[in-house]
Amino acid sequence: MSQLRLLPSRLGAQATGLLATRGIPRRSWRSRSSEPSAAFPNGTSGGGSSYVEAMYSAWLENPQSVHQSWDSFFRKAGGETPLATPEGRPVPSRRTKASKLVEDHLAVQSLIRAYQLKHKPSELTSCSRDCSSPLQAPLLLPGCLVTFGGRNQIRGHHVAQLDPLGILDADLDSFVPSDLITTIDKLAFYDLQEADLDKEFQLPTTTFIGGSESSLSLREIIRRLESTYCQHIGLEFMFINDVEQCQWIRQKFETPGVMQFSSEEKRTLLARLVRSMRFEDFLARKWSSEKRFGLEGCEVMIPALKTIIDKSSEMGIENVILGMPHRGRLNVLANVIRKDLEQIFCQFDPKLEAADEGSGDVKYHLGMYHERINRVTNRNITLSLVANPSHLEAVDPVVQGKTKAEQFYRGDAQGKKVMSILVHGDAAFAGQGVVYETFHLSDLPSYTTNGTVHVVVNNQIGFTTDPRMARSSPYPTDVARVVNAPIFHVNADDPEAVIYVCSVAAEWRNTFNKDVVVDLVCYRRRGHNEMDEPMFTQPLMYKQIHQQVPVLKKYADKLITEGTVTLQEFEEEIAKYDRICEEAYGRSKDKKILHIKHWLDSPWPGFFNVDGEPKSMTCPPTGIPEDVLTHIGTVASSVPLEDFKIHTGLSRILRARADMTRKRTVDWALAEYMAFGSLLKEGIHVRLSGQDVERGTFSHRHHVLHDQEVDRRTCVPMNHLWPGQAPYTVCNSSLSEYGVLGFELGYAMASPNALVLWEAQFGDFHNTAQCIIDQFISTGQAKWVRHNGIVLLLPHGMEGMGPEHSSARPERFLQMSNDDSDAYPVFTEDFEVSQLYDCNWIVVNCSTPASYFHVLRRQILLPFRKPLIIFTPKSLLRHPEAKSSFDQMVSGTSFQRVIPEDGVAARTPGQVRRLIFCTGKVYYDLVKERSSQGLDGQVALTRLEQISPFPFDLIEQEAARFPGAELVWCQEEHKNMGYYDYISPRFMTILGRTRPIWYVGREPAAAPATGNRNTHLVSLRKFLDTAFDLRAFEGKTF
Ligand SMILES: Cc1ncc(C[n+]2csc(CCOP(=O)(O)OP(=O)(O)O)c2C)c(N)n1
């Protein structure tokens, strides 16, 4: 029996080996295989063919000597006639038939092998079907069936009629695989003839085309396979490494009659198409010269999305988060999310005034949040469309992060309540790398959203670019194959096929919690936008498009012809919706003011007051009671699990933490522990994500302990701090910045009551996520009145490590800060907090662990949310001087935006000849140098912990404290980088241009740091010498 179980793979290996080693095309091998010697030239014995032949010989001699399943099989394959006499005597003239049977069998096995190549070997054993059962064995044998079935399943999409225009093949290739039976003569590929068409064949268990029948004629088999795989739906799923999943898809599409719709369903579909199409028509009529990125040519997207939502709601989903680009977005807002039409229409009025602060955004970028009853399922559903920039696909990871957070807060670990849908354009889906980065998050435990339904509006053009010039993959959807997502291509002019596919996609997501792609192969009726002339560049395509009958008309005609609706009913449906639009249009004229607040995609109930303003303009002190510090320090130095063996090096680190706790001091890692731990105690969820963050790139954090003896046994002491504390998530991410930062931004969008941090491995690498920083983090609130408290931890510092691994590019962040460099501020009582409220983000470079501790806590204690950019240290993590005392962290203490000089110089300010302002790590170099030059009384050092918004008030005070001192800005970065360009005009403003601020630091350069260690040290020496050369600026003017 075990021999039977091995049969397919063993035979397959032989066949494949034969093909590969000889380089013989399959077709020629196929004819050679009729000679047994040629079939097994390497002399392999004991293979499947011998086994089958042995079976067959035995059966020829005596049909009862083999299992009845073999008997049945040989009888059927032999034309229902026993090949032996009833007495068991062989019939010699049947010998030719016998070789033919074996030959067919071998061909089949090679194809089965080709099929099996798509599966991991281990899955053969995990297959639920018991292949060792002799009853099952023959089902593997009727090769033609498996062959056609397998080939069509793999290749049917190549010939499916997916393009409504019929001019481009959806896979950019008109090739029809020769092993698909498109004409009778193709039967010869399998050595079959027309006469075989009416023979009955047993169906294998790997197909569902038979429905309740276990055998069909070859003619019917081909017909059914064609109707499943080669019509308006093209399926790609055979790359999926899971037998059960493949079977599930086959069943959904192969089972006869699956695509039946009740007349009620058809009428709903028609009504949805009416809305989709008439909405665009209405906008086109009223605002013919306005850009709206209409959906014409893919109107079916509206019923498609609605089907996914209905079906998901039916299966228990209560919250759907959508991300989508420009195309059809207004239509989705109107007809899927159900935004009031007048709110949409009024946006076309150029005189509409903005009521909110901020610069706002164009109408087809705004987001939306809406709770309502799903009319089909009668269940509550919350729909949100996430606001996005023009940057195509950038919103994908943001949507996923928000979805993950919503699932997390609801305890929906399996994604049964919350899901995401991502809509893509074909060119962007294929071209934008963030799509790939987002797919790679889809199955990671701390990033999975348990499956996303992707819908591609594949209008076969990207602006003016032909897809043949826009991608190297056959389909725009091929990127999804990396995560084994099934891909359902569907002709968008066949609304029923679309609806069916969408419903299966929703079910797939619910069943397997994996991504799935629906590729709506459609066209774009107009230019890229309504002002564009597409005939300049796509003349032939657009000639065809101009003749294309709109999908609504086609479908209405079909339903009228089959009697599902009458023409009058159809016309009434249209008139009804047109009336709705007209009435809303009338109301929209009354709107004079636009409230972007009404377009918020992520409201935070209770966080702001009823007007959406912060409840106060104060921030409480960020220090915490000493016993809390001590408790966190104690847990941070312990292993809370029993029998847990940690690495000896780690034991040393924990002992050092215990020692620091006893001595009431903290280093950087312990300060971070204290900040996170105390927030967890206060019910604030903390999530830290990024590359290698669990240990920390610099091996300082160690938030996840690993048992040295038990594989994958880990412990996160931070989650053992207090009973009832908020959960802490720390997760190593995939090696992506764009995708992961976008994800965390989305995560932080979901709730104000969480500290969400993303750490770059080194600050340099944040620039591969620049789009998230520019389009969402620095500008998000201005565009969408949406707060976000994400924290970026960017390791930064010139330490001789080369042009990369040195600079997190502070200048870039500062250049985007919106505080006015030239306006002398009004110092109100709440200046510190209101300045934070007015800025677009906060940029800090902490010089002490306590400072880091406070700024993290302040991030949550503020009555509003702002992104926080922290340049974090590398060498300071272990610097003996870079420690803070508990005294700087206990109750009553707070974040100090500026740490003033408090040493010798502070005691005799009149004698101070130079006041050096600096930020971050260079402070320690300056302190050391000052002391070695004996200048402690003559040079004061003041640190800016918060660089932006600029602490005008404190800088003014500090400069006033040392009236006779020359003012210097010192930085270790090159002059055209770092902070100088930002601080310089602000110093001028606050000093009234009465005193210069001299620059000391590295000279301008192209690269952020040298690759030569010696050059690094020489330049350090040089600027330190200048910093303490009290005559350096003598005689210079400013
Ligand atoms: C990242 C990015 N690059 C370029 C553009 C400019 N752009 C806007 S739409 C578009 C074509 C998009 O084509 P496709 O993804 O197929 O969507 P369609 O407009 O056809 O619906 C381009 C290149 C953009 N918006 N974003």
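Which helix supplies the largest share of the shell around the ligand? The answer is helix α16, residues 426-431, which contributes three residues to that shell; helices here are DSSP runs of H or I with at least four residues, strands are runs of E with at least two, and both are numbered from the N terminus. The model is predicted, so that local features need pLDDT of at least 70 and side-chain atom pairs count only at pLDDT 80 or more, while totals for chains, interfaces and linings use all residues. Residues are numbered from 1 along each chain as its sequence is written, and side-chain values use heavy atoms, with hydrogens and water left out.

The shell around the ligand holds 15 residues, and the closest are H326, R327, S390, D426 and A428; a residue is near a molecule or strand if one of its heavy atoms lies within 4 Å of it. By residue class, the shell divides into five nonpolar, eight polar and two charged residues, where Ala, Val, Leu, Ile, Met, Phe, Trp, Tyr, Cys and Pro count as nonpolar, Asp, Glu, Lys and Arg as charged, and the others, Gly among them, as polar. An oxygen atom of the ligand lies 2.9 Å from a polar side-chain atom of H326, and a polar side-chain atom of R327 lies 2.8 Å from an oxygen atom of the ligand.

Turning to the chain as a whole, the secondary structure comes to 36 helices and 28 strands. Of its 1038 residues, 60% count as buried, where buried means under 20% relative accessible area, exposed means over 50%, and partly exposed lies in between (1.4 Å probe, protein chains only). The chain exposes about 40700 Å², and carbon and sulfur atoms supply 51% of that area. Among contacts between residues at least 6 apart in sequence, 80% join residues at least 24 apart, a contact being heavy atoms within 4.5 Å.

How many salt bridges does the chain count come to? The count is 53, with a salt bridge defined as a side-chain nitrogen of Lys or Arg within 4 Å of a carboxyl oxygen of Asp or Glu. One of them joins the side chains of R223 and E220 at 2.8 Å, N to O; both residues lie in helix α9 (residues 218-229), three residues apart, about one turn of the helix. R223 is partly exposed, with a relative accessible area of 47%.

Other bridges join separate elements. The side chains of E626 and R664 meet at 2.6 Å, N to O. Because E626 lies in helix α23 (residues 626-636) and R664 in the loop between α24 (648-662) and β13 (665-666), this pair ties together parts that are 38 residues apart in sequence. E626 is partly exposed at 30% relative accessible area, and R664 also counts as partly exposed, at 28%. The salt bridge between E682 and R857 has an N to O distance of 3.1 Å. E682 lies in the loop between α25 (668-681) and β14 (685-690) and R857 in helix α31 (residues 849-861), so this pair ties together parts that are 175 residues apart in sequence. Here E682 is partly exposed, at 43%, whereas R857 counts as buried, at 2% relative accessibility. Elsewhere, E280, R292, E296, R526 and E530 are linked in a network of salt bridges.

Some local features remain. Q770 lies in helix α27 (residues 770-777) and, at 17% relative accessibility, counts as buried; leaving aside residues up to four places away in sequence, Q770 touches R812 and M816. A cis peptide bond, with omega about -5°, joins S948 and P949, and P949 has its place in the loop between β26 (946-948) and α34 (952-961). S699, in the loop between β14 and β15 (705-706), has a phi near 55°, a positive value in a residue other than glycine, and is partly exposed at 24%. R712, in the loop between β15 and β16 (714-715), likewise has a positive phi, near 60°, and is exposed, with a relative accessible area of 76%.

Methods
Polar contact = N/O pair within 3.5 Å; in protein donor to acceptor, adjacent residues only side chain to side chain. Areas by Shrake-Rupley, 256 points an atom, 1.4 Å probe, with all protein chains shown as cover.
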